[in-house]
Amino acid sequence: MISGNEGDEVEAYLARPSDEGSRGGVVVIHHMPGYDRATKEIVRRFAELGYDAICPNLYWRQAPGAAPDDAAATARAQGGIPDEQLIGDVAGAAAYLRSQASSNGKVGVIGYCSGGRQSVLAACNVDLDAAVDCYGAFVVGTPPEGFPLKVTNLVDQLPNLRAPLLGLFGKEDSHPSPEQVAELHEILTGLDKPHAFHSYDDAGHAFFAVDRPAYRVAAANDGWEQITAFFGTHLGG
């Protein structure tokens, strides 16, 4: 349990290397399907890469102790996670990582799917050292009519981006589309915000998801190489 938004106690999954020493930390923001086994495997992978890593359960308030699919359905029915809550939970997770004796003071954030947008949102509002957006929809663009989540784009917040941003996208994705990725690149370039984007052929949404048909080996493998190098540069791993 960690202290999240407004001091709420929320569940989180923590993994860390077994060796001693000073290291950076990574906050993992889970995808819309929730706080599931695949997400926890990602957290463990960051520990294997040499980071203290933690994933807050964003659906803990809506469905404490529920199975991931049920919790995700409950949260979706309520319009998703409010941006203010997400910011507070990531800030709490980052503070937890920095409080560890092993911390070198640097913390990054990474998110997948809805978590990609939330990673950018967090990096605009929380003191972080690096951020990764894995195919986050509606950083730019407008949700279609009838979209179940109460989200807006982040264009007005991008001038406040506090950390270098790595973006990983599929060229066959529609949310975000290649045109939206290009728009985001143009905005960040105009704002002089450090960023690097990679878009992959034969890859759509969720190409990192090893347990889903959308998984694409080549894109995911290269994406992990980009993430490893990026966090190595900015978090000291």
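The mean positions of the 17 positive and 31 negative charges of the chain lie 4 Å apart. This value, like every other one below, was computed from a predicted model.

The chain contains six helices and nine strands. Its radius of gyration is 16 Å, close to the 18 Å that the globule rule gives for 237 residues, so the chain is as compact as a globular protein of that length. The C-alpha trace spans about 45 × 35 × 35 Å along its principal axes. Of the 237 residues, 54% count as buried, and the accessible surface comes to about 10,200 Å², with 49% of that surface belonging to carbon and sulfur atoms. As for how the sequence folds back on itself, 72% of the contacts between residues at least 6 apart in sequence join residues at least 24 apart.

Helix 1, residues 37–48, has 12 residues and reaches 16 Å from its first C-alpha to its last, close to the 16 Å expected at 1.5 Å a residue. Its buried residues are Ala 38, Thr 39, Ile 42, Val 43, Phe 46 and Ala 47. An α-helix has 3.6 residues a turn, so residues three or four places apart point the same way. The cover over the buried residues of helix 1 includes strand 3 (12–15), strand 4, strand 5 (52–56), strand 6 (103–112) and helix 6. After helix 1 comes Gly 50, with a positive phi near 110 degrees.

Helix 3 covers residues 83–98, and at 1.5 Å a residue its 16 residues should span 22 Å; the end C-alpha atoms are 23 Å apart, which agrees. Buried positions in helix 3 include Asp 83, Gln 85, Leu 86, Ile 87, Gly 88 and Asp 89, and Val 90, Gly 92, Ala 93, Ala 94 and Leu 97 are buried as well.

Asn 5 belongs to the loop between strand 1 and strand 2. With a relative accessible area of 17%, Asn 5 is buried, because buried means under 20%. Leaving aside neighbours within four places in sequence, Asn 5 is in contact with Arg 61, Glu 84, Gln 85, Gly 88 and Asp 89. Glu 6 occupies the loop between strand 1 (2–3) and strand 2 (9–10). Glu 6 is exposed, at a relative accessible area of 73%, and has a positive phi of about 55 degrees although it is not a glycine.

The backbone has further features of this kind. Most residues other than glycine have a negative phi, and most peptide bonds are trans. Phe 138, in the loop between strand 7 (130–134) and strand 8, has a positive phi of about 70 degrees although it is not a glycine. At 4% relative accessibility, Phe 138 counts as buried. The peptide bond from His 175 to Pro 176 is cis, with omega near 10 degrees. Pro 176 lies in the loop between strand 8 (165–170) and helix 5 (178–190).

Gln 180 is found in helix 5 and counts as buried at 16% relative accessibility.

Arg 23 is placed in strand 4, residues 23–29, and counts as buried at 7% relative accessibility. Its C-alpha atom is separated by 9.4 Å from that of Val 107, 84 residues apart along the chain. Not counting residues up to four places away in sequence, Arg 23 touches Arg 16, Pro 17, Gly 50, Tyr 51, Asp 52, Ser 102, Ser 103 and Asn 104. Gly 50, one of these partners, is the residue with positive phi that follows helix 1.

Ala 206 is found in the loop between strand 9 (195–200) and helix 6 (217–235). It is buried, with a relative accessible area of 16%. The C-alpha atoms of Ala 206 and Cys 113, 93 residues apart along the chain, are separated by 6.7 Å. Beyond four places in sequence, Ala 206 touches Tyr 135, Ala 214 and Tyr 215.

Note on methods:
Residues numbered from 1 in each chain as written. Predicted model: local features only at pLDDT ≥ 70, side-chain atom pairs only at ≥ 80, totals over all residues. Heavy atoms only, no water. Helix = DSSP H or I, 4+ residues; strand = E, 2+ residues; numbered from the N terminus. Rg over C-alpha atoms; globule rule 2.2 N^0.38 Å. Buried < 20%, exposed > 50% of the residue type's maximum accessible area, 1.4 Å probe, protein only. Contact = heavy atoms within 4.5 Å. Areas by Shrake-Rupley, 256 points an atom, 1.4 Å probe, with all protein chains shown as cover. Lys, Arg positive; Asp, Glu negative; His and termini not counted. Charge placed at Lys NZ, Arg CZ, Asp CG, Glu CD. Expected span 1.5 Å × (residues − 1).
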